[in-house]
Amino acid sequence: MTKFRQSQPIIIAQHARDITVNSKKMFGKIIFLILPLAFETTPVPPRPLGFIYGEQSTNVTPVEFDVYMGPLCPDSQDALPTLVKLADHYGPDKLRLRMHLFPLPYHRNSFLVAMGTHSVDKMTNGNMTFIWAQNVYSHLDIFYDKTLTEDQVIMKMIELAKSMGLPEVEFKQLATNSGINHECRVEWKHGCSRVTSTPTFMINDVVVAEDDQSNRSEADWIKIIDPILNQV
């Protein structure tokens, strides 16, 4: 009995060590299983993301102007006309305007409209993408209606597409297509790694961070871009 009592702490200690070792092994297994999730990469898109405005220059463009726009964002609505004027002012040899869609979760219906934008881009080979975006912003009150069901939003987009002369059946097929849905998800995931709000402006891959950017005039942007061009 005495020997048992003397060896009991040793047995308990050994048991505790076994538990500790097993716990470490289990913890290691858990880390091994979840670590790939922590470092999971966003799928590589089949083409460069974003929609380029106007003609594409074959030359190296000194100013790459990227803007992340909310499909139903009022501030993005205010910014787009100025950006289009800015791109027209410089032309494709000096400035390339690229629009990225970043549908924010609190802008109801914006992901569906993003799918509509991708559909128009595919149908028109990019020739009417910005026209579509401007038309959506012109009818922001219709698409921003929180009472609309998903089917009703799609019907509203079909009506807009028809008014632009686009085939109804083809547009509907694309706007509800799983492939288009995947494209929008990939674009959104990439956007999450770069921006948190819309519109967000980048010049040559650097965020131009100042207050009230959406109200910046064409002349304001020219004051920023001209010095960059003068360095080329």
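**Reading turns, helices and strands**

Mentor: Let's start with Asn-204: at 34% relative accessibility, Asn-204 counts as partly exposed. (Buried means under 20% relative accessible area, exposed over 50%, partly exposed in between, with a 1.4 Å probe and protein chains only.) This is a predicted model, so local features need pLDDT of at least 70 and side-chain atom pairs count only at pLDDT 80 or more, while totals for chains, interfaces and linings use all residues. Residues are numbered from 1 along each chain as its sequence is written, and side-chain values use heavy atoms, leaving out hydrogens and water.

Trainee: What phi does Asn-204 have?

Mentor: Most residues other than glycine have a negative phi, and most peptide bonds are trans. Asn-204 is not a glycine, yet its phi is positive, about 50°. Asn-204 sits in the turn of a hairpin formed by β4 and β5, with two residues between the strands. (Helices, H or I with at least four residues, and strands, E with at least two, are DSSP runs numbered from the N terminus.)

Trainee: How do I read the two faces of strand β4?

Mentor: In a regular strand the side chains alternate between the two faces of the sheet. In β4 (residues 200–203), Thr-200 and Met-202 are on one side, Phe-201 and Ile-203 on the other, and all are buried.

Trainee: In which sense does β4 pair with β2?

Mentor: Strands count as paired if DSSP finds at least two bridges between them. β2 (residues 63–69) and β4 are antiparallel, over four bridges, with Val-67 opposite Phe-201. β4 and β5 (residues 206–207) are antiparallel too, over two bridges, and Ile-203 stands opposite Val-206.

Trainee: Which residues of helix α7 are buried?

Mentor: An α-helix has 3.6 residues a turn, so residues three or four places apart point the same way. In α7 (residues 168–175), Phe-171, Leu-174 and Ala-175 are buried. Seen down the axis, they fall within an arc of 95° (taken from the directions from the helix axis to the C-beta atoms), so they line one face of α7. On the other side, Val-169 and Gln-173 are exposed.
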